[in-house]
Amino acid sequence: MIRLPIRFTAGIVLVLCTSFARFLFVILILVAASMLPAAETASVDSATAEADQLKALNDRTIIQSRVWLDTEWDQFKEGAEKATWTLGGLWGWRVSDRQDWAVQLKVPFVYDRSDESSGHADIGGMVDIEVATGTAFRLSNTWRTGGGIELHTDTASNPALGDSMWRVKPFWAVAHDITNWLTLTPTVEYNHSIAEERNAPPQRYIELSLPATFILPYDWSIGTNYKAKVDFENDDHWTHTVDFGVAKRLSNIPVVLSATLEKPLDGGNKKFQANFTMTYYFER
């Protein structure tokens, strides 16, 4: 078991930030090279593009190439804590006038501190990598739909950090721009473990969510989400969570900074979850 003292957390953050900077630099070079042959002839409404970047944080029907660094903090009862840093990238391309396609990669790293009864032991390392592919369709100016499938792999550097299983997660979403400042995106995601390791229990559940995005002046937005989970391996047990977030798109560069707070409504071991995300968009 890998044990990390609390003071080593700063070192982990520094390493992750350095890795993210290198990752972002390589992606920027690749994108610049791909854009050399020709420039887009049609102009894009900058206000619409900026609003889409804010919506894309919670809307899976909007495909825009981007990279991000997400920092997640989970607080549990009895003093347990967990911090997760996720490096992510999504590459999307136009299939037709009404369809886009994308591939996605997420590489998470974690620092886990056990509860008081376990002596607040520290452990850290890489967690399970996730890869995904999907598509989205523009049905009209205000309606979109899209879906795909994500693969959760068993790649944790330490078995205590991962789920010890391979799991597939097909999903589908429908989005409607009710007004130019309000978008609803009901989404369904099904999780099913296909290979369990080290006697891990199988997982089979469905998540129903209703994200809402409110576009505010000066490139701000507010996001809310209600999620209901039905666990088919636990007597069809229902759990419910809500989250609230705020995001800001910077004026000079296509970067969106967002913060989200999530709270379970059914008690349980987790008290709350907080996320801070920095997302860089590759504009067409």
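The buried residues of α2 are Ala49, Glu50, Ala51, Asp52, Gln53, Leu54 and Lys55. Buried means under 20% relative accessible area; exposed means over 50%, and partly exposed lies in between (1.4 Å probe, protein chains only). α2 is mostly covered, with seven of its 10 residues buried. Helices (H or I, at least four residues) and strands (E, at least two) are DSSP runs, numbered from the N terminus.

A word on the source. This is a predicted model: local features need pLDDT of at least 70, side-chain atom pairs count only at pLDDT 80 or more, and totals for chains, interfaces and linings use all residues. Residues are numbered from 1 along each chain as its sequence is written, and side-chain values use heavy atoms, leaving out hydrogens and water.

Now step past the helix. Serine 65 sits in the loop between α2 (46–55) and β1 (66–76). Is serine 65 buried or exposed? Serine 65 is buried, because its relative accessible area is 9%. Its side chain reaches the backbone nitrogen of glycine 92 at 2.9 Å. That is a polar contact: a pair of N or O atoms within 3.5 Å, where, within protein, one must be able to donate a hydrogen and the other to accept it, and residues adjacent in sequence count only if both atoms are side-chain atoms.

Contact in general means heavy atoms within 4.5 Å. Not counting residues up to four places away in sequence, serine 65 touches Leu90, Trp91, Gly92, Tyr280, Tyr281 and Phe282.

Follow one of those partners. Leaving aside neighbours within four places in sequence, tyrosine 281 is in contact with Gln53, Ala56, Leu57, Gln64, Ser65, Arg66, Pro254 and Val256. Tyr281 also belongs to the largest nonpolar core, along with Leu54, Ala56, Ile62, Ile215, Ala247 and Val256. A nonpolar core is a set of buried Ala, Val, Leu, Ile, Met, Phe, Trp, Tyr and Cys residues joined through side-chain atoms within 4.5 Å. A second, separate core has five residues, including Ile63, Trp68, Leu90 and Ala136. In soluble globular proteins, nonpolar side chains tend to be buried together.

Now zoom out. The protein chain has two helices and 14 strands. Buried residues make up 42% of its 284 residues. Of the contacts with a separation of 6 or more, 54% join residues 24 or more positions apart.

One last stop, on strand β2. Tryptophan 93 lies there. Tryptophan 93 counts as partly exposed, because its relative accessibility is 36%.
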